[in-house]
Amino acid sequence: MPPLRLHAEQLRLARLLGIAPECLHFLRELDADALAALHDACQAVLLARHQPLFRRLANASKLLPVSLSAWIAEHALGPLLCARIAGELSVAGTLALCRHLPAPFMAEVSLHMESGALLEVAVHLPDATLQEIAGTLLAQGEYLLLGELVDTLPIALIHRIAVRFCSAEEVLRTSLFVEQPLRLEALLEMLPGAELQRLARLAAEPRQGLLPEALSLLQRVPPGWQRRLVDAAIADGDATLEALVREVDRLGLWASVLPLATLLDRAGKWKLLKLALWREVDLRNRALAEVTRPGLMPYARNLFASLAPHERERALKALACAGQLPPP
Amino acid sequence: MPLPHPLQDLPLWQRLPADARDELRQLLEAAAQAQERQHQAAIARALEHVPALLRATVRAMLAD
């Protein structure tokens with residue numbers, strides 16, 4: 001599982017409980033889905049505990065002019081309490097307050113709102129406000145919430161918000177939390193061509209640690225986008241491809257990469273094989289140990305079948321030298 | 001604190017070790033109390049800005 005999602009869910013639960021993520025060490029065996037379920041259950045508990053107060057605050061706010069209520073909300077109540085009160089107001093009431101609140105504050109409030117309540121309000125906000133909120137969330141690295149918004153807002157709105165996603169890194173980090181392929185497409189379509197190529201470079205950098213996320217993205221987008229992303233990686237040059245191979249080797253992800261290698265054209269497959277088989281002996285042996293497992297043989301066969309005869313002969317000799325049987 | 005219902009409904013809750021359930025209960029209770037204090041402090045700040053004429057009314061509405 002991409003570590004970024006697990007880490008994001010740990011942060012989210014820790015934020016809800018007002019503790020440092022390290023304090024959740026006793027839940028370290030849980031995966032991201034389990035942590036998300038725990039978060040939602042804990043949030044329900046905390047909401048239920050103080051709901052009468054939130055309801056009274058919501059009713060009291062109606063006694064005041066909207067502009068004064070909004071000012072008090074921003075300067076006295078803070079984003080957490082505002083989020084709770086918003087849950088007790090009608091959508092119209094919340095929107096009336098939003099007209100008097102700055103977008104960065106609304107971004108803070110959105111972090112504490114229940115998903116359903118947030119969506120009900122977000123769909124009615126002006127595009128410029130939504131874009132500014134998205135920009136604030138991006139600047140703060142709140143990719144989990146952004147991913148959920150990309151997944152749930154109407155697709156027409158996504159296209160309008162996606163203009164804020166300017167960099168490959170922002171798309172890559174947000175995409176991990178987007179489940180629907182069409183929504184991923186909307187994000188990718190906004191990226192300039194140069195940033196598409198930069199996706200591969202980012203994935204190849206060990207200090208970024210984004211290769212699992214990049215592979216997860218590749219596995220979930222429609223086939224047309226898979227080809228475009230793979231072609232962009234090849235077009236970025238041999239240095240990027242070599243760095244990708246090294247990162248795949250470092251993380252032991254050959255089993256994830258091999259099915260995707262079928263997307264490469266013949267020249268791309270030959271480049272990949274050359275890097276895997278002839279660069280370093282240890283890298284070759286580790287790669288072969290993974291890709292010659294029974295479940296991956298169809299992909300290995302596809303790789304070899306696409307080669308020109310002289311390329312296939314060289315590759316088979318390399319396998320023989322490594323003591324590995326060639327794919328039948 | 002009695003066992004919170006939303007947690008009890010989770011199949012995952014039953015699979016957690018007893019000490020993990022205890023620790024999460026304690027963290028949840030601490031979070032609830034901390035939020036209670038934050039909410040009351042925020043309300044006190046908010047009331048300072050409510051016009052005097054309305055302050056008593058708002059206080060009465062917020063009282064238990």
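Predicted model: local features only at pLDDT ≥ 70, side-chain atom pairs only at ≥ 80, totals over all residues.
Good morning. I begin with a term: a residue is called buried when its relative accessible area is under 20%, exposed when over 50%, and partly exposed in between.

A:Arg207, at a relative accessible area of 72%, is exposed.

I turn now to chain A as a whole. This chain contains 20 helices and 0 strands. Along the principal axes, its C-alpha atoms fill a box of roughly 85 × 40 × 30 Å. Of its 328 residues, 54% count as buried. If we take contacts between residues at least 6 apart in sequence, 77% of those in chain A join residues at least 24 apart.

Next, the interior. In soluble globular proteins, nonpolar side chains tend to be buried together. Here the largest nonpolar core has 119 residues, and the members that touch the most others are A:Leu77, A:Leu188 and A:Leu229. Helix 3 of chain A, residues 66–86, supplies the largest share of this core, with 10 residues. Which residues does A:Leu229 contact, once neighbours within four places in sequence are set aside? They are A:Leu188, A:Leu196, A:Leu199, A:Leu217, A:Leu218 and A:Val221. There is also a second, separate core of 27 residues, and its members include A:Leu30, B:Leu7, B:Trp13 and B:Ala32.

One helix of chain A deserves a separate remark. Helix 10, residues 168–175, is mostly covered, with 7 of its 8 residues buried. Among them are A:Glu170 and A:Arg173.

I come to the interface between the two chains. Chain B brings 35 residues to the contact and chain A brings 34. About 3000 Å² is buried between them, and carbon and sulfur atoms give 78% of that area. On the side of chain B, the residues losing the most area to chain A are B:Gln35, B:His39 and B:Met61, which together make up 18% of what that side buries.

How many salt bridges does the rule find across this interface? It finds 1. The side chains of A:Arg49 and B:Glu29 form a salt bridge, at 2.9 Å from N to O. The interface also has 4 residue pairs in polar contact. Helix 3 of chain B gives the largest share of the side that touches chain A, namely 18 residues. By type, the residues on that side of chain B are 23 nonpolar, 7 polar and 5 charged.

Finally, I return to charged pairs. Over all chains, the structure holds 20 salt bridges. In one of them, A:Arg55 meets A:Glu88 at 3.3 Å, N to O. This pair links distant parts of the chain: A:Arg55 lies in helix 2, A:Glu88 lies in the loop between helix 3 and helix 4, and the two are 33 residues apart.

Another salt bridge joins A:Glu247 and A:Arg250, at 2.8 Å from N to O. Because these two are 3 residues apart in helix 15 of chain A, about one helical turn separates them. A:Glu247 is buried, at 2% relative accessibility, whereas A:Arg250 is partly exposed, at 49%. Lastly, salt bridges that share partners unite A:Arg5, A:Glu9, A:Arg12, A:Asp33, A:Asp40 and A:Glu148 in one network.

Thank you for your attention.

Conventions. Residues numbered from 1 in each chain as written. Chains lettered and ligands numbered in written order. Heavy atoms only, no water. Core = buried A, V, L, I, M, F, W, Y, C linked by side-chain atoms within 4.5 Å. Buried < 20%, exposed > 50% of the residue type's maximum accessible area, 1.4 Å probe, protein only. Helix = DSSP H or I, 4+ residues; strand = E, 2+ residues; numbered from the N terminus. Contact = heavy atoms within 4.5 Å. Buried area = accessible area lost by both parts, 1.4 Å probe. Salt bridge = Lys/Arg side-chain N within 4 Å of Asp/Glu carboxyl O. Polar contact = N/O pair within 3.5 Å; in protein donor to acceptor, adjacent residues only side chain to side chain. Nonpolar A, V, L, I, M, F, W, Y, C, P; charged D, E, K, R; others polar.
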